[in-house]
Amino acid sequence: MKILLIEDEAKLVSIIQRDLTTEGHEISVALDGTTGLDMAMKMDFQLIILDIMLPGINGIEVCRRLRQANQNAAILMLTALGTTENVVVGLDSGADDYMVKPFSLAELNARIRTLARRNTNLVQPPNVIQIADLVINGDEKSVKRGDKTIDLTATEYRLLEFLAKN
């Protein structure tokens, strides 16, 4: 799953990124709300893990703007703000789930799996790499950009697949 982590605590970013990468997810990181919003608008993520207290634009506003722009990536708020009022505001701003820090990585992974089950378009087939409208299917050894199939030699395909993975 392609995940955008918008979090300003570098140590926490490192822990989450390492764990989710081990679980097989592709993680991108933004350290402030402005950068995170920009990345979420320009790139295709299946899940956004979003802190509320961020430099620049706060997480509530990031979430609202994403939903106003019809971004349908799942949003999981991960924040130290744990009062009932905070949870209600977070969910009402468009978040799909809400976790309070401190948290366990096992619970974070379980919530990610739950969001993926609820929204089947969050999970890609295991051998498919998608970058914007470019789709590389490892099972069929085929490449499409939008609706157009791109014919590649075996060497060209392997090179493109390598570049896309790295």
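Analyst: In what follows, helices (H or I, at least four residues) and strands (E, at least two) are DSSP runs, numbered from the N terminus. The structure discussed is a predicted model.

User: Where does proline 102 lie?
Analyst: Lysine 101 is found in the loop that separates strand E5 (97–100) from helix H5 (105–118). Proline 102 is joined to lysine 101 by a peptide bond. Proline 102 lies in the loop between E5 and H5.

User: What is omega for the peptide bond that joins lysine 101 and proline 102?
Analyst: Most residues other than glycine have a negative phi, and most peptide bonds are trans. The bond joining lysine 101 and proline 102 is cis. Its omega is about -5°.

User: Is lysine 101 buried or exposed?
Analyst: A residue counts as buried under 20% relative accessible area and as exposed over 50%. Lysine 101 has a relative accessibility of 15%. Its contacts beyond four places in sequence include Leu12, Leu78 and Ala80.

User: With which side chains does the side chain of lysine 101 make a polar contact?
Analyst: Glu7, Glu9 and Asp51 are among the residues that lysine 101 touches. A side-chain polar contact of 3.4 Å links lysine 101 to glutamate 9. Another, also given as 3.4 Å, links lysine 101 to aspartate 51. The partners are therefore the side chains within the 3.5 Å limit for such a contact, namely those of glutamate 9 and aspartate 51.

User: Which element gives the most residues to the largest nonpolar core?
Analyst: This core has 21 residues, of which Leu4, Ile6, Ile48, Leu50 and Met77 touch the most other members. Strand E1 (2–6), helix H2 (33–42), strand E3 (47–50), helix H3 (59–68) and strand E4 (74–79) each supply at least two of its residues. With 4 residues, the element that gives the most is H3.

User: How many residues are in the second, separate core?
Analyst: In soluble globular proteins, nonpolar side chains tend to be buried together. The second core includes Ile16, Leu20, Ile27 and Ile49. It is separate, and its residue count is 17.

User: Which residues of H2 are buried, and within what arc do they fall?
Analyst: The buried residues of H2 are Gly33, Gly36, Leu37, Met39 and Ala40. Seen down the helix axis, they line one face of H2, because the arc that holds them is 165°. They pack against E1, strand E2 (26–30), E3 and H3. The residues asked for are thus Gly33, Gly36, Leu37, Met39 and Ala40, and their arc is 165°.

User: How is threonine 34 placed: buried, partly exposed or exposed?
Analyst: Threonine 34 belongs to helix H2, and at the start of that helix a side-chain oxygen of aspartate 32 comes within 3.1 Å of its backbone nitrogen. Leaving aside neighbours within four places in sequence, threonine 34 is in contact with Pro55, Gly56 and Ile57. Its relative accessible area is 43%, so threonine 34 is partly exposed.

User: What covers the buried residues of H3?
Analyst: The residues in question are Gly59, Ile60, Val62, Cys63 and Leu66. They fall within an arc of 165° about the axis of H3, so they line one face of the helix. The elements covering them include E1, H2, E3, E4 and helix H4 (84–92).

User: Which residue has a side-chain oxygen that reaches the backbone nitrogen of isoleucine 60?
Analyst: Isoleucine 60 is one of the buried residues of H3. At the start of this helix, its backbone nitrogen has a side-chain oxygen within 2.9 Å. That oxygen belongs to asparagine 58.

User: What is phi of asparagine 70?
Analyst: Asparagine 70 follows H3 and lies in the loop between H3 and E4. At 65% relative accessibility, it counts as exposed. Its phi is positive although the residue is not glycine, with a value near 60°.

User: What is phi of alanine 132?
Analyst: Alanine 132 is placed in the loop between strand E6 (128–131) and E7. Here too phi is positive in a residue other than glycine. The value for alanine 132 is near 55°.

User: Over which ring does the charged end of lysine 2 sit?
Analyst: A charge counts as over a ring only within 6 Å of the ring centre. The charged end of lysine 2 is 5.8 Å from the centre in question. The ring is that of phenylalanine 45.

Terms used:
Residues numbered from 1 in each chain as written. Predicted model: local features only at pLDDT ≥ 70, side-chain atom pairs only at ≥ 80, totals over all residues. Heavy atoms only, no water. Core = buried A, V, L, I, M, F, W, Y, C linked by side-chain atoms within 4.5 Å. Buried < 20%, exposed > 50% of the residue type's maximum accessible area, 1.4 Å probe, protein only. Arc of directions from axis to C-beta. Contact = heavy atoms within 4.5 Å. Polar contact = N/O pair within 3.5 Å; in protein donor to acceptor, adjacent residues only side chain to side chain. Lys NZ or Arg CZ within 6 Å of the ring centre and 35° of its normal.
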